[in-house]
Amino acid sequence: KSNSLLMILKSQIMQALLKQQCTGTILTCINKEDFKKIQIPVLNKEEQEEIDIKIERMFKLRENSKECLKVAKNAIEIAIEKDDKEALTYIEGKIDGSNL
């Protein structure tokens with residue numbers, strides 16, 4: 001699957017292998033023949049599915065983190081402009097109405 005291949009190509013080991021074969025200074029590239037010589041590990045279907053699940057979870061957690069940060073920023077603004085109690089009420093309302 002494409003996510004598995006992406007994770008393999010972004011790994012430190014693969015990045016090091018790719019950099020060994022690079023030519024050029026400003027715009028580096030690898031010629032086709034050198035690229036074909038690089039051994040890319042083949043993962044079985046279960047490993048690929050496990051990677052996909054983890055990537056999907058990572059994106060969900062990332063979005064959740066962004067939402068938590070947004071709520072926290074808004075709560076701080078409310079606390080500064082009004083008071084702490086209203087800020088806490090705002091946070092509790094957001095927690096009750098979502099999956100934070």
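User: In which helix is Asp52 found?
Analyst: In this predicted model, local features need pLDDT of at least 70, side-chain atom pairs count only at pLDDT 80 or more, and totals for chains, interfaces and linings use all residues. Residues are numbered from 1 along each chain as its sequence is written, and side-chain values use heavy atoms, with hydrogens and water left out. Helices are DSSP runs of H or I with at least four residues, and strands are E runs of at least two, numbered from the N terminus. On that basis the element that holds Asp52, covering residues 45-81, is helix α4.

User: Is Asp52 buried or exposed?
Analyst: Buried means under 20% relative accessible area, exposed over 50%, and partly exposed in between, with a 1.4 Å probe and protein chains only. Because its relative accessible area is 10%, Asp52 is buried.

User: Which side chain joins that of Asp52 in a polar contact?
Analyst: A polar contact is a pair of N or O atoms within 3.5 Å; within protein, one must be able to donate a hydrogen and the other to accept it, and residues adjacent in sequence count only if both atoms are side-chain atoms. At 3.1 Å, the partner of the Asp52 side chain is that of Asn3.

User: What radius of gyration does the protein chain have?
Analyst: The radius is taken over C-alpha atoms, and the globule rule is 2.2 Å times the number of residues to the power 0.38. The C-alpha trace spans about 65 × 40 × 15 Å along its principal axes. Whereas a compact globule of 100 residues would be near 13 Å, the protein chain has 23 Å.
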